[in-house]
Amino acid sequence: RMVAVDVADIYGPLREFLTFKSKISARYTLVILDKAEPTRTTALRAYAMELYAYWAENIDAENEILIVFAQSTGDLWMVPGQLWTQMGFEGSEISAVVRSSAFPEGVATTEYAKALSDLVLSVDVRLAELKLEKLSEEQIFGAELERAWSRLSRMKDAVVRHKPDSGVHS
């Protein structure tokens with residue numbers, strides 16, 4: 001989904017792009033503004049959080065990624081859903097994805113639709129990587145748990161019981 005507020009709606013191709021199927025079931029909502037009022041990143045963050053709360057009943061709180069972009073300043077704020085924050089997609093992780101994508105270059109050349117499309121793809125790739133890392137961690141934990149259970153079972157079988165009257169262990 002995409003909403004353009006107080007900007008020329010030149011985002012037809014971006015709207016079409018946003019119909020892509022995320023490999024990891026992420027859902028993306030983009031809000032494009034002229035600028036945040038007042039023009040500070042903290043205002044954009046507050047606006048994004050308010051939007052997320054306002055739309056809470058209409059979004060997938062687990063899988064949603066809300067991206068708010070102030071076109072005139074190039075500022076951006078993301079609000080990830082609960083599943084993504086649990087996997088560590090917040091703060092510096094989001095910043096790293098934004099910096100490593102073609103988003104900054106696209107904004108610098110005013111190719112906003114391309115910049116945002118690339119950003120969404122970069123986010124989707126990083127979320128897929130985080131999901132794989134989490135699955136790997138869970139598989140490792142499961143294997144460790146299975147080995148521990150096996151050791152406990154062997155220990156149980158090897159328990160030596162002392163028969164007080166005979167001095168014999170069985």
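Among contacts in the protein between residues at least 6 apart in sequence, what percentage join residues at least 24 apart? The share is 60%.

## Overall layout

This is a predicted model. The protein has 170 residues, of which 37% count as buried. Its exposed surface comes to about 10,600 Å², and carbon and sulfur atoms supply 55% of that area.

Six helices and four strands make up the list of elements. Read from the N terminus, their order is β-α-β-α-β-β-α-α-α-α.

## Strand β2 and its partners

Strand β2 covers residues 27-33. Six of its seven residues are buried, so the strand is mostly covered.

On one hand, β2 pairs with strand β1 (residues 2-5); the two run parallel and are joined by four bridges. In this pairing, Val-3 stands opposite Val-31 of β2. On the other hand, β2 pairs with strand β3 (residues 64-70), also in the parallel sense, over seven bridges. Here Tyr-28 stands opposite Ile-65 of β3. In a regular strand, side chains alternate between the two faces of the sheet.

## The largest pocket

The largest pocket has a volume of about 220 Å³. Its lining consists of Met-49, Leu-76, Trp-77, Met-78, Val-79, Glu-90, Gly-91, Ile-94, Ser-95 and Val-98. Two elements, β4 (75-80) and α4 (92-100), each give two or more residues to this lining. The most comes from β4, with four residues.

Sorted by class, the lining of the largest pocket holds seven nonpolar, two polar and one charged residues.

## The second largest pocket

The second largest pocket has a volume of about 170 Å³. The residues around it are Arg-1, Leu-18, Thr-19, Phe-20, Lys-21, Ser-22, Ala-26, Arg-27, Tyr-28, Thr-29 and Glu-64. Strand β2 supplies the largest share of this lining, three residues. Tyr-28, one of the lining residues, is also the residue that stands opposite Ile-65 in β3.

## Two residues in helices

Is Trp-84 buried or exposed? Trp-84 lies in helix α3 (residues 82-86). Trp-84 counts as buried because its relative accessibility is 0%, and the cut-off for buried is under 20%. Leaving out neighbours within four places in sequence, Trp-84 is in contact with Ile-24, Ala-26, Glu-62, Asn-63, Glu-64, Ile-65, Phe-89 and Leu-127. Among these contacts, Ala-26 and Glu-64 also line the second largest pocket. Glu-62 is 22 residues from Trp-84 in sequence, and their C-alpha atoms are 7.4 Å apart.

Asp-118 is located in helix α6 (residues 112-157). With a relative accessible area of 23%, Asp-118 is partly exposed, because this value falls between the limits of 20% and 50%. Not counting residues up to four places away in sequence, Asp-118 touches Ser-101, Ala-102 and Phe-103. Ser-101 is 17 residues from Asp-118 along the chain, and 6.7 Å separates the two C-alpha atoms.

Terms used. Residues are numbered from 1 along each chain as its sequence is written. This is a predicted model: local features need pLDDT of at least 70, side-chain atom pairs count only at pLDDT 80 or more; totals for chains, interfaces and linings use all residues. Side-chain values use heavy atoms; hydrogens and water are left out. On a 1 Å grid over the protein atoms alone, a cavity is a set of points where a 1.4 Å probe fits but cannot get out, and a pocket is an open set with protein on both sides within 12 Å along at least five of seven lines; lining residues have an atom within 4 Å of a point. Grid points are joined across faces, edges and corners, and a volume is the space filled by probe spheres set on the points. Ala, Val, Leu, Ile, Met, Phe, Trp, Tyr, Cys and Pro count as nonpolar, Asp, Glu, Lys and Arg as charged, and the others, Gly among them, as polar. Buried means under 20% relative accessible area, exposed over 50%, partly exposed in between (1.4 Å probe, protein chains only). Contact means heavy atoms within 4.5 Å. Accessible areas come from the Shrake-Rupley method with a 1.4 Å probe; for residues, only the protein chains shown count as cover. Two strands pair if DSSP finds at least two bridges between them.
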